[in-house]
Amino acid sequence: MRQEGWRQYKESLKYLASGSSTSSKIPIYENIEPPLIVKGKGCRVWDVDGNEYIDFRNALGPVSIGYSIDQINSQIKEQLDNGIIFGHPSPIEGEVAKLLVENIPCAEKVRFLKTGGEAISACIKIARAFTGKNKIVHCGYNGWLNNLALGEGMPPGISKSQPLRGVPQQISSLHFTLPWAVIERWIKLFEKEGNDIAAVVVASAYQDMEKGEDFLPQVRELTRRYDSLMIMDEIVTGFRLAIGGAHQYFNFLPDMAVFGKAMANGMPISAYLGKSELIELAREIGISSTFGGETLSLASAKATIRFYTENEVTSHLWQMGNLLKDGINEIFKRYNFPCELKGFGPCPQFVFKDDLMKDRFFQGCYRNGVSFYHVVYVNYSHKEKDIEETLERVEETIRELKDEDAR
Ligand SMILES: Cc1ncc(COP(=O)(O)O)c(C=O)c1O
């Protein structure tokens, strides 16, 4: 039963445009999907009507250790008692910067903002100022602020065949998008535009992330050849593949990188970091934000980074993610269901052969108490028994769909 949730959600539509400030969170399956969530604990969430779900949406990435974790909450509360934000920096800002420098390979200096897109914009501005060049190449979604050219990586719900609205042509002519792991396309663009390219911003593609092994060092090499900078978008991969994200996992050094989502277990904070001479430019060229040093998020980031290093969180995410991925793919195969969960365990993606099957699968999973997103995010609170329970519920869903089809 999800009637009360849907009633409240529909009421909110009178005031809240589209019912959510995050487009990917807007519920689509009426009376089946939970439209509003009121509580989370560990790896589970509860909707307005009291239904419980094993959750793999995890706020679309940020909840990396779990919902409402005592060790993290206590640090946030302790900081809250001392004040949220001040007119001078708090010591915790420098402490978290130090922890990031110690744990992230490309980080020599760090600065904080609130969202991933904003931090990527900061790196783009730095890259333009440093190189004196204007053109930017994007790979994947780099946040709504940076969606300035048609092509790959459109914001949620926008198709790449739609015209780009709200961006003057003079701006979009400076931005290109290129696909993941098709290096020939990158070489071709650089041959034509390389002398004007200030930077590339690369987000790793979920469903064939393993291609990063060859592709990312090739892009690194290409940017060096043309005196362009390489900015790694580690918003999803950071604190998942490794604390330092894809550049740590694949063992190469970009000039700058951006972290957000998982680094504070759900509190809103992002970091842009990299070579000292680049990040030091931020002040000089006017990158600054009132809430950059807000201490509750920093307290959460500090507790989260400590928790990661003390508990080997990323290896747990790999283990649980792979267990889930292999288990689901085995079920899909056994029942001849036209879908595969592809990519790396910490953030794999469902790849469906048709949209109808996708809708029926997600709806069936909601009915059976599993909340999925097209990217599957495990957190540290998913333990083996939660994964086993999920696999039982997924198998039940597939069996129900097969029975419906047989009728
Ligand atoms: C790879 C990637 N980069 C950047 C962003 C933008 O981050 P934010 O929504 O915090 O601005 C996202 C958000 O989903 C993302 O997935």
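Two residues are in contact if their C-beta atoms, placed from the backbone, lie within 7 Å. The model under discussion is predicted.

1. Helix 1, residues 3–12, has G5, W6 and Y9 as its buried residues. Viewed down the helix axis, these buried residues fall within an arc of 95°, so they line one face of helix 1. The buried residues of helix 1 pack against strand 2 (44–47). On the face turned away from the buried side, helix 1 carries the exposed residues Q3 and E11.

2. Helix 2 (residues 70–82) packs with helix 11 (residues 295–311) at an angle of about 150°, and their axes are 8 Å apart. Angles over 145 degrees count as roughly antiparallel, and helix 2 and helix 11 are therefore roughly antiparallel to each other. Helix 2 passes helix 11 in a right-handed crossing. Helix 2 contributes Q71, I72, Q75, I76, Q79 and L80 to the contact, while helix 11 contributes T295, L296, A299, S300, K302, A303, T304 and F307. Seven of the residues in this contact are nonpolar, six are polar and one is charged.

3. Helix 6 (residues 183–193) and helix 7 (residues 212–225) pack at an angle of about 10°, with axes 11 Å apart. Angles under 35 degrees count as roughly parallel, and helix 6 and helix 7 are therefore roughly parallel to each other. Their contact is formed by I183, W186, I187 and F190 of helix 6 together with F215, Q218, V219 and L222 of helix 7. The contact of helix 6 with helix 7 has seven nonpolar residues, one polar residue and no charged residues.

How values were computed
Residues numbered from 1 in each chain as written. Predicted model: local features only at pLDDT ≥ 70, side-chain atom pairs only at ≥ 80, totals over all residues. Buried ≥ 20, exposed ≤ 12 C-beta atoms within 10 Å, placed from the backbone. Helix = DSSP H or I, 4+ residues; strand = E, 2+ residues; numbered from the N terminus. Arc of directions from axis to C-beta. Axes fitted to C-alpha atoms, helices over the stretch in contact; angles between N-to-C directions. Parallel < 35°, antiparallel > 145°, perpendicular 65-115°, else oblique. Left-handed = near helix turned anticlockwise from the far one by under 90°. Nonpolar A, V, L, I, M, F, W, Y, C, P; charged D, E, K, R; others polar.
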